[in-house]
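Good morning, and thank you for making the time.

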Amino acid sequence: MVNRVAILAGDGALPLLLSVAMPDAVRVVFRGSSHQFEVDDSICEARFEQLGELFKTLKKKGVAKIVLAGSMSRPVLNPHEFDNLMRGVAAQLFEKLRHGDDALLRFVLELFDQNGFSIISAAQALPELVTKPGFLTGSEQVYNERDIYKADQLLALISSADIGQAVVVENGLVLGVETLQGTDRLLQFVAETEPKLRDGRKMGVLVKRPKKQQDLRVDIPSIGPDTIKAVSKAGLAGIVISPYKVLLIEREKMLYLATQKNIFILAQEPTL
């Protein structure tokens, strides 16, 4: 079989969803990196230090397209175990590792492209993972439009510095900004904020959008059932996302939970 797709899987539910939707795809996991697949003979286990060997394996299996899915921490690399390809790009790789995730991802994408693979996004592979503009749950909820505007202002600033994709604003006050630790930790931080510092009327919003110039083929924001639980625990009114540019993981379960917990979800273009 030629022109196959390979799913390079990180952690979380997204690689599993893609695997079900594309049963003929080659599933790849990386040694030492978390994932949700059961490792058996149908799984290709690769090593970050030996991408050249992975490329050879994928070509033998007829793979032409790659989907990178799931969260993946920066690997701890052992240069002594590099294959020929990795030794050839080692200097560039270690230079990129000193910068933000965007620079590193662009470098990895270039490697795949130079070796004959095209990268497709999870949204291309499974279009129902994204949504058009409008309310997914709730409507005309009690929230402050100015909070969304303020969040978008802040996201524009941190985006240019490659910091994060999410901000929580409540009644004009910034309660938290996403950093390397991710959205879950942001919402945990908000939940732990002293009540005297907050409005108390459950009006805050989590605004989550891609960073400017972010390559959505490999690094697209997502929300899911766990996000809803964390938003509820943080005492927020709802979530604002960008249409077509944020993945909805386990969509039906997420929407059910949001309705049960009276959390609105609004897909709306940035206000800036």
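Buried here means under 20% relative accessible area, exposed means over 50%, and partly exposed lies in between, with a 1.4 Å probe and protein chains only.

Please keep in mind that this is a predicted model, in which local features need pLDDT of at least 70 and side-chain atom pairs count only at pLDDT 80 or more, while totals for chains, interfaces and linings use all residues. Residues are numbered from 1 along each chain as its sequence is written, and side-chain values use heavy atoms, with hydrogens and water left out.

Helices and strands are DSSP runs numbered from the N terminus: H or I of at least four residues for helices, E of at least two for strands.

Leaving aside residues up to four places away in sequence, I66 touches A6, L8, L58, F112, F117, S118, I119 and I120; contact means heavy atoms within 4.5 Å.

Rings of Phe, Tyr and Trp (its six-membered ring) pair if their centres lie within 6.5 Å; planes under 30 degrees apart count as stacked, over 60 as edge-to-face, and the rest as tilted. By this rule there are six aromatic pairs. For F82 and F94, the ring centres are 6.1 Å apart and the planes are at 20 degrees, so this pair is stacked. F82 lies in the loop between β4 and α3 and F94 in helix α3, so the pair ties together parts 12 residues apart in sequence. F82 counts as buried because its relative accessibility is 4%, whereas F94, at 31%, counts as partly exposed.

For F112 and F117, the centres are 6.2 Å apart and the planes are at 75 degrees, so that pair is edge-to-face. F112 is buried, with a relative accessible area of 3%, and F117 is buried, also with 3%. Together with F55, F112 and F117 form one aromatic cluster.

Next, the charged side chains. A salt bridge is a side-chain nitrogen of Lys or Arg within 4 Å of a carboxyl oxygen of Asp or Glu. How many salt bridges does a search of the whole structure find? The search finds eight. One of them joins the side chains of E81 and R47, at 1.9 Å from N to O. This pair links distant parts of the chain, 34 residues apart: E81 is in the loop between β4 and α3, and R47 in the loop between β3 and α2. E81 counts as partly exposed because its relative accessibility is 30%, and R47 counts as partly exposed at 23%.

A further salt bridge joins R209 and D152, at 2.7 Å from N to O. Here too distant parts of the chain are linked, R209 being in the loop between β9 and β10 and D152 in helix α6 (residues 145–160), 57 residues apart. Are R209 and D152 buried or exposed? Both are buried.

Finally, helix α8 (residues 225–233), whose buried residues are P225, T227, I228, A230 and V231. Among the elements covering them are α7 (183–191), β9 (205–208), α9 (251–260) and β13 (264–267). K229 forms a salt bridge with D226, their closest N and O atoms being 4.0 Å apart. Because K229 and D226 are three residues apart in helix α8, about one helical turn separates them. K229 counts as partly exposed, at 41% relative accessibility. Just after α8, G235 takes a positive phi of about 70 degrees.
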